[in-house]
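Colleague: Could you take me through the helix packing and the salt bridges in this one?

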Amino acid sequence: MNREEALKHLKENIKNKNLLKHMYATEAVMRGLAERFGEDKDRWGIAGLVHDIDYDTTADDPQKHSLVGGAMLEELGYDKDIVYAIKAHNKVHGLERKSLMDKALFCTDPLTGLIVASALISPAKKLHAIDTQFVINRFHEKTFAKGANREQISACSDLGLTLEEFISIGLDSMRQINDILEL
C-alpha cells in the first residue's frame with residue numbers, strides 16, 4: 001500500500017476537514033517516531049493517515065470505531081500489522097499493544113489534538129509560536145483540551161520516551177506540515 005492509495009481511501013470515507021487534518025497530523029507524528037526508532041516511515045505514516053478511516057460512520061459508537069476501520073482496511077489489502085495497530089489504538093477494545101507501531105499510534109492519536117489546541121491559544125495561532133514546554137504546561141492543565149487523554153499520551157513511556165521527548169517529536173513533525181494543518 002502506498003500513500004497515494006491510502007489518501008484515496010481516506011478521502012472516499014472522510015469528509016470532515018478537521019478530521020482529515022487530524023489524520024495528516026497523526027501521519028506526520030508517526031513518521032517522526034518511525035525515524036526516531038529506525039522503523040519504516042512510510043508504513044508508520046500510512047497507519048497514522050488512515051487510523052480513523054471509519055470515524056464518519058462510527059463516531060457515535062466507540063465500540064465499533066477502529067474495528068469497522070480495521071475490517072475496511074483489511075478488505076482493501078492493508079498489511080496485518082497496520083490493521084492491528086489501527087484496531088488497538090481504540091482503548092475501548094482492550095487489545096494488547098504489542099509492536100512499537102501499536103504503541104506509537106495509541107499515544108500519538110490524542111497528542112495531535114493537544115498540540116493543535118495549544119497552538120490555537122497562542123496569540124499567533126501557529127505551531128511555530130509554541131514550544132515543547134508550552135505544550136507540557138497545557139498537558140498539566142486538566143481542564144484544557146479535555147478530549148486529549150493524558151493517560152493515553154503518557155503511554156509514550158511504553159516507547160521508552162519521556163513526555164518531553166514525545167511532545168518534541170510530535171511538535172517538530174507537525175511543524176513540517178503546518179501549511180496543510182493551516183497552523
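This is a predicted model: local features need pLDDT of at least 70, side-chain atom pairs count only at pLDDT 80 or more; totals for chains, interfaces and linings use all residues.

Colleague: At what angle do α1 and α3 pack?

Modeller: Helix α1 (residues 3-13) and helix α3 (residues 41-50) pack at about 5 degrees, with axes 10 Å apart. They are therefore roughly parallel (angles under 35 degrees). Helices here are DSSP runs of H or I, at least four residues, numbered from the N terminus. Axes are lines fitted to C-alpha atoms over the stretch in contact, and angles run from 0 to 180 degrees between N-to-C directions.

Colleague: Which residues make the contact?

Modeller: R3, A6, L7 and L10 of α1 meet I46, L49 and V50 of α3, contact being heavy atoms within 4.5 Å.

Colleague: Now the salt bridges: how many does the structure hold?

Modeller: The structure holds twelve, each a side-chain nitrogen of Lys or Arg within 4 Å of a carboxyl oxygen of Asp or Glu. One of them joins E27 and R3, with the closest N and O atoms 2.6 Å apart. E27 lies in helix α2 (residues 17-37) and R3 in helix α1, 24 residues apart.

Colleague: Is E27 buried or exposed?

Modeller: E27 counts as buried at 8% relative accessibility, whereas R3, at 33%, is partly exposed. Buried means under 20% relative accessible area, exposed over 50%, and partly exposed in between (1.4 Å probe, protein chains only).

Notes. Residues are numbered from 1 along each chain as its sequence is written. Side-chain values use heavy atoms; hydrogens and water are left out. Helices (H or I, at least four residues) and strands (E, at least two) are DSSP runs, numbered from the N terminus. Angles under 35 degrees count as roughly parallel, over 145 as roughly antiparallel, 65 to 115 as roughly perpendicular and the rest as oblique.
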